[in-house]
Amino acid sequence: MDYSMQHSSEHKTGGWARHAPLAIILTVAIIGYFTLRDYITFDTLRDNREALLAFRDANFGLMVLAFIAIYFVIVAFSLPGAAVASVTGGFLFGLVSGTAFNVLAASLGAFAIFLAARWGLGSSLAARIETSEGTLKRLKAGLHDNEISVLFLMRLVPAVPFFVANLLPALVGVRFVNFAITTVLGIIPGAIVFTWIGVGLGEVFDRGDSPDLSLLWEPQIIGPILGLCALAALPILIKSIRGKKDI
């Protein structure tokens with residue numbers, strides 16, 4: 001066999017292999033959206049709460065591992081039910097432990113989807129942007145100059161979907177260590193709020209109500225989060241002002 005043809009075949013095979021993890025994630029995400037959205041709900045949690053609490057009391061360590069594993073899969077494959085999982089963490093484990101388990105599971109899931117995207121499409125896309133000219137390359141350079149601040153903003157702004165904040169950084173070539181740090185720290189405020197809602201979930205179920213996730217938008221909650229957003233954006237603003245002064 002001609003060497004060039006063999007090399008080309010191996011390159012194509014390697015290319016498919018590199019894209020396989022992200023393709024699997026996207027496929028599972030689409031299937032999960034249509035098949036699981038009616039099952040991973042607060043109604044399901046309410047109907048099974050006694051069984052869950054009994055299992056937790058009898059097998060605490062196993063329940064922790066199962067919870068983290070399930071939450072990890074939900075995030076890694078962008079499945080519906082992340083909010084339900086976060087609230088469940090507070091319901092089962094309390095505010096402190098629930099927040100810790102929520103942050104751990106969500107962070108590990110975010111790392112998985114980031115690395116899958118980076119290993120596949122992200123590496124080739126980042127390389128193309130790097131060798132390009134014009135606006136696209138300037139935007140990438142601007143992102144790298146303010147990487148930490150931008151990543152924090154993506155995590156803190158409630159309007160940014162979680163899966164977007166996981167995929168987009170991988171596709172534009174941000175450093176994994178910066179992604180990891182900003183992910184762990186950036187999701188803590190939201191994790192505390194959702195876990196806090198979960199702590200009082202038993203009383204909500206006893207009243208026959210459903211948890212009110214609109215609490216996130218109350219002034220006493222959204223105010224501090226927006227304050228953190230402002231702090232994250234401050235370095236970008238300062239650099240922009242300094243840059244205009246230098247012109």
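So, E50: at 53% relative accessibility it counts as exposed, where exposed means over 50% relative accessible area, buried means under 20%, and partly exposed is in between, with a 1.4 Å probe and protein chains only. Its side chain meets that of R49 in a salt bridge, at 3.9 Å from N to O. By salt bridge I mean a side-chain nitrogen of Lys or Arg within 4 Å of a carboxyl oxygen of Asp or Glu. And R49 is buried, with a relative accessible area of 15%.

A quick word on what we're looking at. This is a predicted model, where local features need pLDDT of at least 70 and side-chain atom pairs count only at pLDDT 80 or more, while totals for chains, interfaces and linings use all residues. Residues are numbered from 1 along each chain as its sequence is written, and side-chain values use heavy atoms, with hydrogens and water left out.

Okay, the overall picture. The protein chain has 13 helices and zero strands; these are DSSP runs, H or I of at least four residues for helices and E of at least two for strands, numbered from the N terminus. Of its 247 residues, 38% count as buried. Now contacts, meaning heavy atoms within 4.5 Å: among those between residues at least 6 apart in sequence, 78% join residues at least 24 apart.

What about the inside? The largest nonpolar core has 29 residues, and Y71, F93 and L201 have the most contacts inside it. A nonpolar core here is a set of buried Ala, Val, Leu, Ile, Met, Phe, Trp, Tyr and Cys residues joined through side-chain atoms within 4.5 Å. Elements giving two or more residues to this core include α2 (42-47), α5 (82-93) and α12 (201-206), but α4 gives the most, with seven. Take L201: leaving aside neighbours within four places in sequence, L201 is in contact with L45, V87, F91 and P211. Apart from that core lies another one, of 17 residues, among them L22, L151, L167 and F179.

Back to charges. How many salt bridges does the structure hold? Five. Why can such side chains pair up at all? Side chains of opposite charge can pair when their charged atoms come close. One example is R56 with D57, the closest N and O atoms being 2.9 Å apart. R56 is buried, with a relative accessible area of 18%, whereas D57 is exposed at 58%. There's also a network: salt bridges that share partners join D43, R46 and D47. Within it, D47 and R46 meet at 3.9 Å, N to O; D47 is exposed, with a relative accessible area of 60%, and R46 is partly exposed at 29%.

R56 sits in helix α3 (residues 49-58). Beyond its neighbours within four places in sequence, R56 is in contact with M63, F91, L92 and F93.

Now compare R155, over in helix α8 (residues 147-156). R155 is buried yet has no salt bridge, and the nearest side chain of opposite charge, E147, is 12 Å away; for charge, Lys and Arg count as positive and Asp and Glu as negative, with His and the chain ends not counted. So which side chain does R155 make a polar contact with? That would be N166, at 2.6 Å. A polar contact is a pair of N or O atoms within 3.5 Å; within protein, one must be able to donate a hydrogen and the other to accept it, and residues adjacent in sequence count only if both atoms are side-chain atoms.
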